There are 2 protein chains.
Amino acid sequence: MSIRIGILGYGNLGRGVECAIRHNPDVELAAVFTRRDPKTVKILTETAGVYSADEAEAHRDEIDVLILCGGSATDLPVQTPKYAQWFNVVDSFDTHAKIPQHFANVDQAASESGHVGIISVGWDPGMFSLNRMYANAILTNGKDYTFWGRGVSQGHSDAIRRIEGVQDAKQYTIPVEEALESVRRGENPDLTTRQKHTRECFVVAKEGADLSRIENEIKTMPNYFDEYDTTVHFISQEELNANHSGIPHGGFVIRTGKTGWNDENSHVIEYSLKLDSNPEFTSSVILAYARAAWRMNQEGQKGCRTVFDVPPAYLSAMDGATLRKRFL
Amino acid sequence: MSIRIGILGYGNLGRGVECAIRHNPDVELAAVFTRRDPKTVKILTETAGVYSADEAEAHRDEIDVLILCGGSATDLPVQTPKYAQWFNVVDSFDTHAKIPQHFANVDQAASESGHVGIISVGWDPGMFSLNRMYANAILTNGKDYTFWGRGVSQGHSDAIRRIEGVQDAKQYTIPVEEALESVRRGENPDLTTRQKHTRECFVVAKEGADLSRIENEIKTMPNYFDEYDTTVHFISQEELNANHSGIPHGGFVIRTGKTGWNDENSHVIEYSLKLDSNPEFTSSVILAYARAAWRMNQEGQKGCRTVFDVPPAYLSAMDGATLRKRFL
């Protein structure tokens, strides 16, 4: 029998989960829940229903795992504990400083209701976190580096769009190749913010806007741009639509470390991602963890978990003997 | 209280485990067991005893996990099930075709005795296997590639040394950069053995040996070299000792795959290792899994496990809250 998935929130991430389900024959989409008027939401899967988010509880018996596709700022802190009352849940909560509180809230709700909630799933947090953790457990004496990009930062793109005279914008975060190479050579550099990443902005200005003022406002914007070397390109809306409509991302997690009785040997562990679609890859990770949440709950487990707690085999549709034969 | 480790077999791997213990304050070396005369084996750790392998059972109460550092061809198939009678055990069994049988043997012995045995730990099998498995669970629609090197192949070096007229030799396996780049670009190439790796040999010939015959015998050696582009350099013993005494290795695990309703987006997941010392890195992985074996057994688990079955958090000396704070 398939694992029945519910999606709460049908934006880029929700649609990504729907696409990921298509690539996993052991799971099926049972329902999409939305805060919009359900009649206005068209989904791709013909066999699944679309309902108001308020009706979710009534569908609890039709869904094995509910995937929460809202934002970390205001949606997930409320939604994940709330829906853990009725469902096994998975979210991609990524506000790092608030993870301890979120973990505690979800743990309490899921423990009381007898469900499993897996939080902060995706690639960062998620696969990048896992690789940092594994690498640290192996090379206890070393140094960690994370680089992001080349990829679109939604937050930085939004910040540019709020500037007066800007019609549209896309911002790319780019790792500095020279810094990456130094890390890979095992030089253990201490890198400033400016030395690790640059920022490249493609901006559509409104007619008659003062381009040099816009460029200056971008480059000096506190927190977002002032600590980086930033390049600004003014382009037409047509060019932005044609060449910058994707949501690519990726990055690198590197740990360098020493072994040997006198630390005489050096090692480099590197994990990297190059993603055409940030939300679709994130969704694919989330769906694998939804499978794990269901299995763990079927075993009688309950409470909050993160990627650190889930045995890798639980993510795969294959059984243990097949996994050992194909991948070990 | 520290986790008390025993080492069976004090070669490169056993010595690597001893060094890894030095970098992990929560574990200690309790004893080394050897098939040689214990009096002839000098170890680095002053506080640990050296005993005959035959005496291991008598020390069962002094050891929490026994790490088996023998070879996969003849040692481990016998040793791992045998010592699982008395100890939690970890090995680095790497004869791929025989893993199902080895797993079954260790599972039976460990289940009967109430211990945990984790087999095939290291980097390949081990961390490479894990990365293949995670990447396949995320991108179910894709293609896998593993490249090894640049690194020393002990088996190929030994094969050269068996040729008449050869005094000493070291063989490096080298991934073909062009093939790697094609994979990273998502071109999904079908690669022959020759297109994936080259082999580079540094050979010390005995005085008066026929160099061209040796070179020809190497390059045409079935299974080992005939399917590869092989380069042979004749050098002096001094040069071999000075420049080729290390045991570096490494490699790349790459999965490329598609997502989207119509497979419209491509992704590349890459994991790579660059290791100064193959045995010391392998030992560092093994020690982390020894910690996991001990914890799983303390929880009441028993039987055979692989890296696919072990929750990542069990590898680390840190607790859950610390892991989430530092790595999530």
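In strand 5 of chain B, B:Asn88 is the bridge partner of B:Val65. Three bridges join strand 4 of chain B to strand 5 (residues 88-90) of chain B, and these strands run parallel. The path from strand 4 to strand 5 of chain B goes through helix 2 (residues 75-83) of chain B, in a right-handed β-α-β crossover. The model is predicted.

**How the copies relate**

- Chain B superposes on chain A by a rotation of 180 degrees, with 0.0 Å of shift along the axis and an RMSD of 0.0 Å.
- The two copies are therefore related as by a two-fold rotation axis.
- The copies meet through the same surface, because 100% of the interface residues of chain B are also interface residues in chain A.

**The open sheet of chain B**

- Seven strands of chain B build an open sheet with parallel pairing, in the order 3-2-1-4-5-6-14.
- Strand 3 (49-52) and strand 14 (303-305) of chain B are the edge strands, and each pairs on one side only.
- Neighbouring strands of this sheet are turned against each other by 25 degrees on average, direction ignored.
- Strand 1 (residues 3-8) of chain B runs parallel to strand 4 (residues 65-68) of chain B, and four bridges join them.
- Within that pairing, B:Gly6 has B:Leu66 in strand 4 of chain B as its bridge partner.

**Helices against the sheet, and the cover on strand 4**

- Helix 1 (residues 12-22) of chain B packs on the sheet, where it touches strand 1, strand 2 (27-34) and strand 4 of chain B.
- The direction of helix 1 makes about 165 degrees with that of strand 1 of chain B.
- Helix 3 (residues 99-113) of chain B lies across strand 6 (116-118) and strand 14 of chain B.
- Helix 3 runs at about 140 degrees to strand 14 of chain B.
- In a regular strand, side chains alternate between the two faces of the sheet.
- Strand 4 of chain B is covered on both faces: B:Val65 and B:Ile67 are buried on one side, B:Leu66 and B:Leu68 on the other.

**The nonpolar core**

- In soluble globular proteins, nonpolar side chains tend to be buried together.
- The largest nonpolar core here has 156 residues.
- The residues with the most contacts inside this core are A:Ile5, A:Tyr83, A:Tyr289, B:Ile5, B:Tyr83 and B:Tyr289.
- Helix 10 (residues 278-298) of chain B gives the most to this core, with 11 residues.
- Leaving out residues up to four places away in sequence, B:Tyr83 touches B:Leu8, B:Ala53, B:Ala56, B:Leu66, B:Leu68 and B:Val89.

**Strand 10 of chain A**

- Strand 10 (residues 197-205) of chain A is largely enclosed by the rest of the structure, because seven of its nine residues are buried.
- Strand 9 (residues 166-175) of chain A pairs with strand 10 of chain A in the antiparallel sense, over nine bridges.
- Strand 11 (residues 229-234) of chain A runs parallel to strand 10 of chain A, joined by six bridges.
- A:Glu200 of strand 10 stands opposite A:Tyr172, and A:Glu200 also stands opposite A:Thr231 in strand 11 of chain A.

Key:
Residues are numbered from 1 along each chain as its sequence is written. Chains are lettered from A and ligands numbered from 1 in the order in which they are written. This is a predicted model: local features need pLDDT of at least 70, side-chain atom pairs count only at pLDDT 80 or more; totals for chains, interfaces and linings use all residues. Side-chain values use heavy atoms; hydrogens and water are left out. Copies are superposed by least squares on the C-alpha atoms of residues with pLDDT of at least 70 in both. Contact means heavy atoms within 4.5 Å. Two strands pair if DSSP finds at least two bridges between them. Helices (H or I, at least four residues) and strands (E, at least two) are DSSP runs, numbered from the N terminus. Axes are lines fitted to C-alpha atoms, for helices over the stretch in contact, and angles run from 0 to 180 degrees between N-to-C directions. Buried means under 20% relative accessible area, exposed over 50%, partly exposed in between (1.4 Å probe, protein chains only). A crossover is right-handed if, with the strands pointing away from the viewer, the path from the first strand over the helix to the second runs clockwise. A nonpolar core is a set of buried Ala, Val, Leu, Ile, Met, Phe, Trp, Tyr and Cys residues joined through side-chain atoms within 4.5 Å.
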